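User: I'm new to this one and would like to learn how to read it. Could you walk me through a few features?

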Amino acid sequence: MKAKENIFVSTYPFGKFDSLPIDLLKQSGLNFSINPLNRKLTAEEVAEFAKDAIGIIAGTENLDILINQSSQLKFISRVGIGLDSVPLLLCRRKGIKVSYTPDAVTLAVAELVIGMMITLPRHVVLADRQMRKAEWTRPVGISIKSANIGIVGFGRVGFKIAQILVGFTPAKILVCDIIDKSEEIESLRAFGLNIEQVPLDSLLESSDIVSIHVPLTVSTRNLIRDRELKLMKKSAYLINYSRGGIINEEMVYNSLKNLEIAGMAVDVYEKEPYKGKLIELENVVLTQHMGSCSFDCRLAMESQATEELVRFFQAEPLLNEVPEFEFENSEF
């Protein structure tokens, strides 16, 4: 490994709460620089800062311009699991290897979603807002125990949410996935969970809480539009802690504003940082793409991504190279 090799860390934060990822880079002998702006970089900024890099440790920043322009980039180590910001097919054509950290984020995201399944229907945020205006209405809402919960996408995060829900004994869990999930469902039924795999329309029509957990692909972009929103109960709540672009933001804004559904909790947006119209609505809980933002999750993601990058430049076998099915789902 040559000392002149340049690595750029575009993700933020990185090594902020634990120095281990930075220590790993220092120990590797690689030259590296870290995002100097202490915020999410634009595609143009990534391309400029990483123009001489042969490897990058990236978050959710758009890498399109960098990958189109770079003639020397060899490896992308993605901090996290989503790959919608990485043009995988272009990477393959240019011989750029890509890895990610698919298991590190699961529990942190699932925990926060469970929190929103309580916070949103029980009007916790609304009560806080009212008290700050000297109002006292003691709002009443639905409990998890009495709810039908729909989980759209039953991969790592969706399955983990169902596992945690075992202790809450919800009325029913409805699962929608493009893959047969019979084996996973049977394993959860063994713990007494009332759970069934159904088509998306049936899930939307029957659920009191709908939580989205699919990747952003050609087939899932605008998965939830006017038609799907109109299938939902007026008393139902929608949660999106997967990716922006899966729920059409303009259409869900109108649906929420007109009280066609009861409310939404959302962590991910088509453009981030988010400054759109959803901030106007009282029946929306907004968070800052922070599903992975627990101390242990950040450390695991950053460390695993760094270790994978070091393995690549030491010509060691990769542990988390992006699998073929991710390329098949890629738009670019």
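User: Let's begin with the sheet: in what order do the five strands lie, and is the pairing parallel or antiparallel?

Analyst: Strands of a sheet pair through backbone hydrogen bonds, either parallel or antiparallel. Here the order is β2-β1-β3-β4-β5, an open sheet with parallel pairing. At its edges are β2 (31-34) and β5 (97-99), each pairing on one side only. On average, neighbouring strands are turned by 15° against each other, direction ignored. As for terms, two strands pair if DSSP finds at least two bridges between them. Helices (H or I, at least four residues) and strands (E, at least two) are DSSP runs, numbered from the N terminus.

This is a predicted model, where local features need pLDDT of at least 70 and side-chain atom pairs count only at pLDDT 80 or more, while totals for chains, interfaces and linings use all residues. Residues are numbered from 1 along each chain as its sequence is written, and side-chain values use heavy atoms, leaving out hydrogens and water.

User: How many bridges join β4 to β5?

Analyst: Three, with β4 covering residues 75-78 and the two strands running parallel. In that pairing, I76 stands opposite V98 in β5.

User: Which strands does helix α12 touch?

Analyst: Helix α12 (residues 295-313) packs on the sheet and touches β1, β3, β4 and β5, at about 160° to the direction of β4. Helix α1 (residues 20-28) lies across β1 (6-9), β2 and β3 (55-58), at about 155° to β2. Contact means heavy atoms within 4.5 Å. Axes are lines fitted to C-alpha atoms, for helices over the stretch in contact, with angles from 0 to 180 degrees between N-to-C directions.

User: Now the backbone: which residues does a cis peptide bond join?

Analyst: Most residues other than glycine have a negative phi, and most peptide bonds are trans. Another joins E272 and P273, with omega about -5°. As for phi, A315 has a positive value near 60°, in the loop between α12 and α13 (324-328).

User: Is A315 buried or exposed?

Analyst: Buried means under 20% relative accessible area, exposed over 50%, partly exposed in between (1.4 Å probe, protein chains only). A315 has 72% relative accessibility, so it counts as exposed.

User: How many disulfides are there?

Analyst: A disulfide is a pair of cysteine sulfur atoms within 2.5 Å. Searching the whole structure finds zero. For C297, the nearest cysteine sulfur, that of C293, is 7.9 Å away. C297 is buried, at 3% relative accessible area.
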